[in-house]
Amino acid sequence: MADLSTEFLGIRSPNPFWLASAPPTDKEYNVQRAFEAGWGGVVWKTLGEGRPVVNVNGPRYGAIHGPDRRLLGLNNIELITDREIDLNLEEIARVKRNWPDRALIVSLMVPCEEESWKTILARVADTGCDGVELNFGCPHGMSERGMGSAVGQVPEYIEMVARWCKQHSKLPVIVKLTPNITDIRYPARAARRGGADAVSLINTISSIVSVDLDNFAPTPTIDGKGSHGGYCGPAVKPIALNMVAEIARDRETWGMPISGIGGVTTWRDAAEFIALGCGTVQVCTAAMTYGFKVVQEMASGLSEWMDEKGYRGIEDFRGRAVGNVVDWQYLNLNYVTKAHIDQELCIKCGRCHIACEDTSHQAITSVVDGARHFEVIDAECVGCNLCVNVCPVENCITMERAHGVDPRTGKPIPDAYSNWTVHPNNPMAREAMQFAPEPVVLPDAAE
Ligand SMILES: Cc1cc2nc3c(=O)[nH]c(=O)nc-3n(C[C@H](O)[C@H](O)[C@H](O)COP(=O)(O)O)c2cc1C
Ligand code: SF4
Ligand code: SF4
């Protein structure tokens, strides 16, 4: 059976599934139950300094549901922990003593002043925890006070605070990044320059999930008013995966340990983050939706898939997808596909036809010899796969690679790889070529 144990910054955990800093990790009772259920680690709910913050006393969540009422996206306006710091620290120390084999990271957010960081780091180190995560991500409530994403949006601040933390603590430092920026590589590079040991991402995305059309206020609504919140859950996974990939393949952050966060709900989500280089994954919404025991399905699913593939440990497949994420210009323009409809599976709903006919390439029939019949016209099909995505029957439409002459262009399809950097239509062809990552085939093949 596959070994799911991980070592991240020297911190061991029995599996890569950590609970992200959020309500599930806000108190001993929760974390105790989480560990009993099998979570490999937790990042404790963010601690601050001074007197505790005050949360709203009304609804703090908004949600986007699928047609089956499954939760797709969750929005929240909650702040950092609103419990006394002394109580939190006491509980953290006790939990770590009781669960020495689990990872226990403490999330922190204090003002951008060296003394504040120095003070809290010393107190946190006394708990015996395994590391700290700097919350530079929270996009609501705390950012207006100059913390959270207000820091995460300024690479110079990230670098400065990370450096203070490394100076004033021996604990591993993870910088948690906000996705509310233009290019995630800049904050990640700043974290590395500041000496951070790792980055974790993503924190939540600034959002308004809906507007109540009776009182014309955003939801969740507090006495007739709403405020933007932070969006998370399955809907944000694609954004998180892309940001993780950007960091994993960037020359300046290459090899930097990453803890992946954002929409992890199943073992497959976790495997995808790990394939893009993550050493652990963190989960919040899935636990809040399905309870702590959801980790058991994640762990067994991952383990079974690893067994099937012959991976003995996480390191056997970690980062395997990173090399296959490339800039668009390096995609093979000689790779030609055509859609194929399995007539046995087709229920003749017509969705593929309408999508292709109205909005794309007029490449699917609707009537043949007077009868309702859906078939791809290879001479029109550009291989875009829109039809695959709108078809309600899984695997009914598949994309198949074409060889020989492309009936659409009437030209032979070269077998060799060739990309935009050398394409004759590219006015920058020569300049672009010098950045090509691997040997390319020259122009006439790509015509
Ligand atoms: C209600 C709620 C409170 C959160 N509080 C914190 C927090 O205190 N500190 C922090 O770093 N992230 C916080 N987060 C963000 C999560 O740790 C996580 O980054 C985000 O939810 C994305 O993961 P998910 O898609 O699995 O939920 C919070 C999220 C939610 C839903
Ligand atoms: S792949 Fe695109 S072009 Fe081809 S049939 Fe499907 S929708 Fe039409
Ligand atoms: S969308 Fe799928 S099921 Fe519907 S007609 Fe097209 S191929 Fe058939």
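## Basis

Residues are numbered from 1 along each chain as its sequence is written, while chains are lettered from A and ligands numbered from 1 in the order in which they are written. In this predicted model, local features need pLDDT of at least 70 and side-chain atom pairs count only at pLDDT 80 or more, whereas totals for chains, interfaces and linings use all residues.

## Overall build

The protein has 13 helices and 20 strands. These are DSSP runs numbered from the N terminus: helices are H or I with at least four residues, strands are E with at least two. The C-alpha atoms fill a box of roughly 75 × 55 × 45 Å along the principal axes.

Of the 447 residues, 43% count as buried. With C-beta atoms placed from the backbone, buried means 20 or more other C-beta atoms within 10 Å of a residue's own, exposed means 12 or fewer, and partly exposed lies in between.

## Helices α3 and α5

The axes of α3 (residues 114–125) and α5 (residues 155–168) come within 9 Å and cross at roughly 40°. Axes are lines fitted to C-alpha atoms, for helices over the stretch in contact, and angles run from 0 to 180 degrees between N-to-C directions.

On the α3 side, E114, W117, K118 and L121 make the contact; V161, W164, C165 and H168 meet them from α5. Contact means C-beta atoms, placed from the backbone, within 7 Å. Five of these residues are nonpolar, one is polar and two are charged. Here Ala, Val, Leu, Ile, Met, Phe, Trp, Tyr, Cys and Pro count as nonpolar, Asp, Glu, Lys and Arg as charged, and the others, Gly among them, as polar.

## Ligand shells

Ligand 1 is surrounded by 28 residues, the closest being A20, T46, C232, C284 and T285. A shell residue has its C-beta atom, placed from the backbone, within 6 Å of the molecule. β4 (41–47), β6 (71–76) and α9 (285–290) each supply at least two shell residues. The shell holds 13 nonpolar, twelve polar and three charged residues.

Around ligand 2 there are 14 residues; C356, H361, C381, C384 and C387 are the closest. Ten are nonpolar, four are polar and none is charged.

## Backbone features

Two peptide bonds are cis: L201 to I202, with omega near 15°, and T219 to P220, with omega near -5°. I202 sits in the loop between β10 (198–201) and β11 (205–207).

R69 is not a glycine, yet has a positive phi of about 70°. R69 counts as exposed because it has 8 C-beta neighbours inside 10 Å.

Key. Contact = placed C-beta atoms within 7 Å.
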